[in-house]
Amino acid sequence: MTNRPDIEAGAAGQMPNDYDANDTETESLLPTTRPEEDVLLHSPKKSRSTFHDKACGQPRFGVLHITGAFVLGTIATLAAQYAICGSSCFTGGQQGSRSASAYSHQNQEVVTALAPPWVGSTESHQFPPPNPTNAFPSLFPSDVGYAGPTPTGAEAGVIATAPAYPMHTGQCSHELLKPASLYGEAKKDPEHNEAKGKKSKFNLFRSWGNLSPWYSVDRGRFGVDSSPDVPETCRVTGLHFLHRHGARYPTAWASFGGPAKLGRKLHRSPESWNASGDLEFLNGWTYKLGEEILTPFGRQQLYDLGISLRIKYGFLLQNFTEKNTLPVFRTESQDRMLASAQNFAVGFFGYPLDGQYQQSITIEEDGFNNTLSPYKTCPNAKIIHKSERGQWYIKRWANIYLKEAQKRLQKQLHGIDLTIEETYMMQQLCPYETVALGYSKFCELFTEEEWEGFNYALDLQFWYGSAFGSPVARVQGIGYVQEMVARLTNTPIQTHNSSTNATLNDNPITFPLGQSLYVDATHEVVVLNIITALNLTSFAGSGPLPYTHMDPNRTFRVSELAPFATNVQFQLLECTSTPGQQIRVIINDGVVPLTGIRGCPEQKDGMCPVDTFVAAQKEIIKEVDWLYDCHGDWTVPEGTEWETVIGSPPKRA
């Protein structure tokens, strides 16, 4: 066994009410201090003095030595057992003064080896070191000249020139590893479909809701039987590109679940429990996740996304050469947002970035208007019963779909109770560990049906918290719609009455008009806010989502709309067969019907005249009341007593 790396404290999410509210996040994840003797128990270091120090044929001990040692060892072991638990160690009776809860579960194996003291603690590897001794930047310049020939070629334009559109599997060349099998697969009936040669359509990586890596959805999935390829007789004239940040560690808060809480609970009293069977790995498990920043896989997602967009739409850069200007891309100040934008830019432009584009970094903080994080200036979006309505639904759904999993896993966890919420945390650890570490044992603990239930749980969370079922979704997305209308019409925003930022938006340098390419980076909740504000009603076609059962035909699926690195193309076209400039909306390579937008026709390729699209959005902008929706003293009951499918609160009295 090799030595474990040092364990350091990390941050965790908010604790639910049944946890000790006095424990701070840092204190709850501090590692248990271990004396050197404990370290030797799990990380022995072999002495350099071995049997080879003496002649090979020279015995070190005789028979009497060995026999005596065996007898004394046996006596010492029996005495130690008796001292710890009394006669019950030998009679199998009651467990003396041990905690009753440790033995309260029926049909469980008796705890024979307790978890080590570090189990469940947070492990982190701090890189880079804060003050490296060999750091001499002057000796390692980034450019020493002598670059050789550097002529450039023509820009790529796959979207306009290739016979097929490059689709994306979501795994970035399969860096992520899925389990060989899910729970119960080995016990399937031999007459199961797979035994008959029928392959299951289930894909674990596409069953994690907003924690799924983005992938190209199937053609026609959103209701338009058309590919992202440019329609016949048309050519691309511009692109507005909106994307989410890449895969990240868990956020610091969680109203339900929160994987760090599981590690904290296991680490609180490791001497009182152990695990067996499928959960045996927990006996040596530590919590290895950071908080909120991008994982290496998340960085690659955005780098790959940048390369992909350059190959598809690189020809649009000619517009900037002709105007003697640089593109302006936007992101905001959160670490994962800025890192996502920078990795995207490195993929799109190549390193170094200097002189190729300008990165606008808006501030995500209270008091700063920002359409990429509108919740910061919308007070009602910070009130739990208005903004987190999905929690009521997800808790009830979890009690249904995880009931059997909780019972099954509890039988393998001895001396500690496992709740439904903690079972849900185990499911969360599967995607989080996978996108951070490449693989997770937690994925193996659940059946295909339970993973589908997890996927649906996240649909409930975001439908009611950020999309068509939320009373504060449309108002949060409306600021970005105002900016889009300004860009499409080449006209500055006339009235700043939402999350738009007058200081930046009214400056043609920081918010340029007339560009052929715009790229904005934001959060998944804001992507869903914008989809709602645009009135893309096809995603609300199946109505409010029930918590009592899973609708297999639902039109709203977060794994398709807002996974890690999700991206939306607003494709601008000119066609000889259709008068006027056209617009298409393409989400993760799936063409979206625009028939919910007033006046947009039911067109086979999902196109709508830009003038019609803009007129409809201007109507929506007038309908949305930022002052009332974000600052009004209105309320909604939790649960099914009140519903919306347009993302707006109750109307004014």
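Helices here are DSSP runs of H or I with at least four residues, and strands are runs of E with at least two. On that count, the chain has 20 helices and 10 strands. One caution before we go on: this is a predicted model.

Overall numbers. The chain has 653 residues, and 50% of them count as buried.

Let's start with salt bridges. How many are there? The count comes to 20 salt bridges.

First slide: R310 and E155. Their side chains meet in a salt bridge at 2.5 Å, N to O. What does this pair tie together? R310 sits in helix α7, residues 296–313, while E155 sits in the loop between α4 (88–91) and α5 (158–161), so the bridge joins parts that are 155 residues apart in sequence. Look at the two ends. R310 is buried, at 19% relative accessible area. E155 is partly exposed, at 34%. The cut-off for buried is under 20% relative accessible area, so R310 at 19% falls on the buried side of it.

Next, E623 and R474. This salt bridge is 3.5 Å, N to O. E623 lies in helix α19, residues 610–623, and R474 lies in helix α15, residues 473–489, so the pair links parts that are 149 residues apart in sequence. Again, check each end. R474 is buried, with a relative accessibility of 13%. E623 is partly exposed, with 49%. Exposed would need over 50%.

The side chains meet at 2.9 Å, N to O.

Then the network. Four residues are linked by salt bridges: R330, E483, R487 and D520. Please find them on the structure above.

Moving on to helix α9. It covers residues 335–349, which is 15 residues. From first C-alpha to last it reaches 21 Å, close to the 21 Å expected at 1.5 Å a residue. Is the helix mostly covered or mostly open? Mostly covered: 11 of its 15 residues are buried. Among the buried ones are M337, F344, F348 and F349. R336 and N343 are also on that buried list. What covers them? The cover includes helix α7 and the strands β1 (234–244), β3 (328–332), β4 (358–362) and β6 (517–522). Just after α9 comes G350, with a positive phi of about 85°.

Now a helix pair: α13, residues 420–437, and α14, residues 448–466. Their axes come within 11 Å and cross at roughly 95°. The range for roughly perpendicular is 65 to 115 degrees, so α13 is roughly perpendicular to α14. Which residues make the contact? From α13, they are Y424, Q427, Q428, C430 and P431. From α14, they are E450, W451, F454, A457, L458 and Q461. By class, that contact has seven nonpolar, three polar and one charged residues.

Q406 first. This residue is found in helix α12, residues 403–410. Q406 is buried, with a relative accessible area of 17%. What does Q406 touch, leaving out residues up to four places away in sequence? It touches L418, T419, I420 and T423.

Last one: R557. Where is it? R557 sits in the loop between α17 (524–533) and α18 (558–561). R557 counts as buried, at 16% relative accessibility. Leaving aside neighbours within four places in sequence, R557 is in contact with R221, D459, D551 and P552. There is also a C-alpha pair to look at. R557 and Y456 are 101 residues apart along the chain, and their C-alpha atoms are separated by 7.7 Å.

To recap the salt bridges: R310 pairs with E155, E623 with R474, and R219 with D225. Over to you for discussion.

Terms used: Residues are numbered from 1 along each chain as its sequence is written. This is a predicted model: local features need pLDDT of at least 70, side-chain atom pairs count only at pLDDT 80 or more; totals for chains, interfaces and linings use all residues. Side-chain values use heavy atoms; hydrogens and water are left out. Buried means under 20% relative accessible area, exposed over 50%, partly exposed in between (1.4 Å probe, protein chains only). The expected span of a helix is 1.5 Å times one less than its number of residues. Contact means heavy atoms within 4.5 Å. Axes are lines fitted to C-alpha atoms, for helices over the stretch in contact, and angles run from 0 to 180 degrees between N-to-C directions. Angles under 35 degrees count as roughly parallel, over 145 as roughly antiparallel, 65 to 115 as roughly perpendicular and the rest as oblique. Ala, Val, Leu, Ile, Met, Phe, Trp, Tyr, Cys and Pro count as nonpolar, Asp, Glu, Lys and Arg as charged, and the others, Gly among them, as polar.
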